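Good morning. Please look at the slide for a moment before I start on the aromatic rings.

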Amino acid sequence: MFGNFQTSKLRIEINASEAALRDALTQGTQIKQWLWPQTFSNDLPTTLKPGAVFTSWLGPVEIQHHIDVVDSNTLRFILSKGVDGFQEWSWGEKWVQSRLEGVSLLPLNVGQSLTLLRLKTFLEWRQPKA
């Protein structure tokens, strides 16, 4: 794999419940909504489960995701092709954290920042207005 080894850890506050965060990160239909315009293969599971494999594309860059861990507050992907490494998500009430490490030509920290902002926008936009 060509590129540089990169690592990035980000944690943000999101006005969303732990259950809403879990659903947004582990339900295929929601993932497709908040990660748009990233596209996904037809084998993206309805609910992410360990051992499943799917592919996403960011423009022409193909990234294969092998789901390594899914539990009540953690999700970890082993990544290959456009990124060789892993991404781990952790969440709780009103917060989410992402850790990304890998070798890639893509600027991973920029992509990770945009991903977290899109997740925040998606979840907060869906909240009922008080």
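Are Phe54 and Phe77 buried or exposed? Phe54 is buried, and Phe77 is buried too; buried means under 20% relative accessible area, exposed means over 50%, and partly exposed is in between, with a 1.4 Å probe and protein chains only.

Two notes on the source. This is a predicted model, in which local features need pLDDT of at least 70, side-chain atom pairs count only at pLDDT 80 or more, and totals for chains, interfaces and linings use all residues. Residues are numbered from 1 along each chain as its sequence is written, and side-chain values use heavy atoms, with hydrogens and water left out.

Now the pairs. A search of the whole structure gives three aromatic pairs. Rings of Phe, Tyr and Trp (for Trp, the six-membered ring) pair if their centres lie within 6.5 Å; planes under 30 degrees apart are stacked, over 60 edge-to-face, and the rest tilted.

One of them is Trp34 with Trp89, edge-to-face, at 6.1 Å centre to centre and 85° between the planes. Trp34 lies in helix 2 (residues 28-34) and Trp89 in strand 6 (residues 84-92), so this pair ties together parts 55 residues apart in sequence. Helices (H or I, at least four residues) and strands (E, at least two) are DSSP runs, numbered from the N terminus. Both Trp34 and Trp89 are buried.

Phe54 and Phe77 also pair edge-to-face, with 6.0 Å between centres and 85° between planes. Phe54 is in strand 3 (residues 53-58) and Phe77 in strand 5 (residues 74-81), so parts 23 residues apart in sequence are tied together. Phe40, Phe54 and Phe77 form one aromatic cluster.
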